[in-house]
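The following note sets out numbered points on the model shown below. Each point takes up one part of the fold.

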Amino acid sequence: MDKKNCTIGILSVNPPGQVGSMARYERMLSEACETNRNVYKIETVCLALPSRVLSKFPAKARNIIHHLWIMLMGQAKLSFYKDVDIFHVVDGSYAYVADHIRQKPVVITAHDIIPYLQKEGVLVTPTKPSWFSGHIIERSRRVLKKAHMIISDTKKTKNDLVAYAHLDPARIKVVCPALPQRFNDIVSKGDMETWQEKRNSDEAYILTVGNNAFYKNRPGILNIYKKVREKINIRLVIAGEGPDKELLGAVKKMDLIDAVIFEIDPNDDALVELYKNACLFLFPSMYEGFGWPPLEAMACGCPVVCSDAASLPEVVGTAALTAPYDDIDAMFYHCCKILDDQFLAEDLIVRGFEQSKKFSLEKMTEGILDVYSSVLENAAGRNVGDLL
């Protein structure tokens, strides 16, 4: 293998034109390889239908069509990429695409274990996974077992992969995602001094960020906020995916229509402004494989209240107030305590800045390239690490 022509094939399952965590993760992988361009180069293989095409199908059919198209494209496209040295599947929920790869090493990033926990009944969902979803979960699990190396975002995710997907821990490497540079650069510690001004403003608000997935616990957010609202006159801003009918119905039923604001799919620049101007970030998620939003909030000088579920304690450390996701009273107490105590809020802001520094692109790059080096060494029988 020419050491200047080591190609990483990034198997993208993110619909072109769709923003989100997977698109961000792909960009970070590209940036990691760019730092060692003399050894690695990226070849992105897009397998998904564009969002503008997928959106033309009925909502209930989109997930099935999305997966079927990726299966079809995986089989059709991958045979043409003969010069790729490693294929990297960026989302373990789509590990099945590696079924079509022959005689090439495969790395798979498993960001969370949610599909397996749903299937096993560990995470109670409003509806059980369909037959098709169950098939995808099992097929991906079988392929994960065959991967040369699996990357997990956190130690908790690794432990869950071993416990529930029955994977070999020796083939799982923990590499934490980085905080996007946009969030690192935009805010300095001096912004801490403005917290009390934001708190005293007539426009003061609590912020939450996420989508309508059951584990994001948006109904729980409303329940917590309603109790806070009864004590403190403050608004709630819900950023991310647009609300579904159930969430809008809950807002109306709780008589919060004039108090809740939806910011739909803000870009990173808009998100930074939302974080910077919020008095508090609330994130009572039921499960997170990593959890970018609380990390982003801390980097932007916003104190955090979040659940202690899954990987979140690894992400927030001692820089947030935590409680079980379903303990509404504890979450309510934490929120009010911060909103009523400037010194506590400022202490959490300082801790948050320090905690966010631990998730640098340099650390992520080191971990990712170490995985590639190890896989290539084992596959080729040579010490690729010496090339770095």
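1. Strand β8 (residues 235–240) runs parallel to β9, and five bridges join the two; strands here are DSSP runs of type E of at least two residues, helices are runs of H or I of at least four residues, and both are numbered from the N terminus. Two strands count as paired if DSSP finds at least two bridges between them. Valine 237 has isoleucine 261 of β9 as its bridge partner.

2. The model is predicted: local features require pLDDT of at least 70 and side-chain atom pairs pLDDT 80 or more, whereas totals for chains, interfaces and linings use all residues. Residues are numbered from 1 along each chain as its sequence is written, and side-chain values use heavy atoms, with hydrogens and water left out.

3. The strands β8 and β9 belong to an open sheet of six strands, ordered β9-β8-β7-β10-β11-β12 with parallel pairing. The edges are β9 (260–264) and β12 (320–323); each has a single partner strand, so one side of each lacks a neighbour in the sheet. On average, neighbouring strands of this sheet are turned by 20° against each other, direction ignored; axes are lines fitted to C-alpha atoms, for helices over the stretch in contact, and angles run from 0 to 180 degrees between N-to-C directions.

4. Two helices may be described together with this sheet. Helix α11 (residues 268–277) lies across β7 (205–210), β8, β9 and β10 (280–283), at about 140° to β7. Helix α12 (residues 292–299) packs on the sheet and touches β7, β10 and β11 (304–307), its direction making about 170° with that of β10. Contact is taken as heavy atoms within 4.5 Å.

5. Strand β3 (residues 86–89) is covered on both faces, with Ile86 and His88 buried on one side and Phe87 and Val89 buried on the other. Buried denotes under 20% relative accessible area, exposed over 50% and partly exposed in between, with a 1.4 Å probe and protein chains only. Strand β1 (residues 6–12) pairs with β3 in the parallel sense over four bridges, and isoleucine 8 has isoleucine 86 of β3 as its bridge partner. Strand β4 (residues 106–110) also runs parallel to β3, joined by three bridges; here valine 89 is partnered by isoleucine 108 of β4.

6. The largest nonpolar core has 95 residues, of which Leu11, Tyr40, Leu207, Tyr275, Phe281, Met364 and Tyr372 touch the most other members. Helix α16 (residues 361–380) supplies the largest share of this core, eight residues. Another core lies apart from it and has 36 residues, among them Ile234, Ile238, Ala323 and Ile338. A nonpolar core is a set of buried Ala, Val, Leu, Ile, Met, Phe, Trp, Tyr and Cys residues joined through side-chain atoms within 4.5 Å.

7. What does methionine 364 touch, not counting residues up to four places away in sequence? Its contacts are Tyr25, Met28, Leu29, Val175, Cys176, Pro177 and Ala178. The buried residues of helix α1 include Tyr25, Met28 and Leu29.

8. The structure holds seven aromatic pairs: rings of Phe, Tyr and Trp (its six-membered ring) pair if their centres lie within 6.5 Å, and planes under 30 degrees apart count as stacked, over 60 as edge-to-face and the rest as tilted. Tyrosine 94 and tyrosine 96 form a tilted pair, 6.1 Å centre to centre with 45° between the planes. Phenylalanine 290 and tryptophan 292 have ring centres 6.0 Å apart and planes at 80°, so this pair is edge-to-face; both residues are buried. Ring pairs also link Tyr275, Phe281 and Phe283 into a cluster.
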